[in-house]
Amino acid sequence: MLDLARHTEDGPVSLRTVAERQKITLKYMESIMSLLLREELVISTRGKSGGYKLTRKVENYTVYEILRAAEGNLAPVQCLAVSENDCPMHHKCPTLPMWVGLEKIVREYLESYTLDKLSDSENPHPLCNE
């Protein structure tokens with residue numbers, strides 16, 4: 001998504017191009033892109049100049065929604081991964097409030113980052129260059 005955001009002016013971008021730039025396999029790129037397509041975060045076009053592009057402006061994507069699309073539920077424990085906690089112990093679980101709090105912190109943090117915030121970064125984190 002970040003690669004597409006950084007090259008949004010180029011029009012549709014081929015998966016092969018993204019995979020080469022990001023140094024990941026085309027097969028892995030295809031699996032990620034199918035998840036992003038299903039969530040309508042990207043669209044694809046066919047043909048000679050076809051490829052993938054974002055469906056909306058970069059500032060309208062949060063890292064949280066992208067990770068949810070690509071990874072599924074981000075809950076720290078299984079009982080929070082479902083819409084209704086059906087754990088028979090949830091009403092007296094001593095750790096549940098901690099997990100709920102952690103989930104909230106992670107969600108709010110990831111929602112505070114948008115693609116435009118990340119794509120504007122001229123200097124990536126030093127660990128990214130190792």
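I began with Tyr109, which is partly exposed at a relative accessible area of 48%; buried means under 20% relative accessible area, exposed over 50%, and partly exposed in between, with a 1.4 Å probe and protein chains only. I note that this is a predicted model, in which local features need pLDDT of at least 70, side-chain atom pairs count only at pLDDT 80 or more, and totals for chains, interfaces and linings use all residues. Residues are numbered from 1 along each chain as its sequence is written, and side-chain values use heavy atoms, with hydrogens and water left out.

**Rings**

I looked up aromatic pairs and found one in the structure. Tyr113 is partly exposed, at 28% relative accessibility.

I then turned to charges over rings (NZ of Lys or CZ of Arg within 6 Å of the ring centre and within 35 degrees of the ring normal). Lys117 places its charged end over the ring of Tyr113, 5.0 Å from the centre. Arg56 lies over the face of Tyr61, 4.2 Å from the ring centre.

**Arg21 and Asp3**

I located Arg21 in helix H2 (residues 15–22) and Asp3 in helix H1 (residues 2–6); helices (H or I, at least four residues) and strands (E, at least two) are DSSP runs, numbered from the N terminus. Asp3, at 7%, counts as buried.

Leaving out residues up to four places away in sequence, I list Asp3, His7 and Val13 as touching Arg21, where contact means heavy atoms within 4.5 Å. On the same terms, Asp3 touches Val18, Arg21 and Gln22. The side chains of Arg21 and His7 are joined by a polar contact of 3.4 Å; the term denotes a pair of N or O atoms within 3.5 Å, where within protein one must be able to donate a hydrogen and the other to accept it, and residues adjacent in sequence count only if both atoms are side-chain atoms.

**Hairpin**

I recorded strands E1 (residues 42–45) and E2 (residues 51–54) as antiparallel and joined by four bridges; strands pair if DSSP finds at least two bridges between them. Ser44 stands opposite Tyr52 in E2. Five residues lie between the strands of this hairpin, and Gly47 takes a positive phi near 105°.

Notes
Rings of Phe, Tyr and Trp (its six-membered ring) pair if their centres lie within 6.5 Å; planes under 30 degrees apart count as stacked, over 60 as edge-to-face and the rest as tilted.
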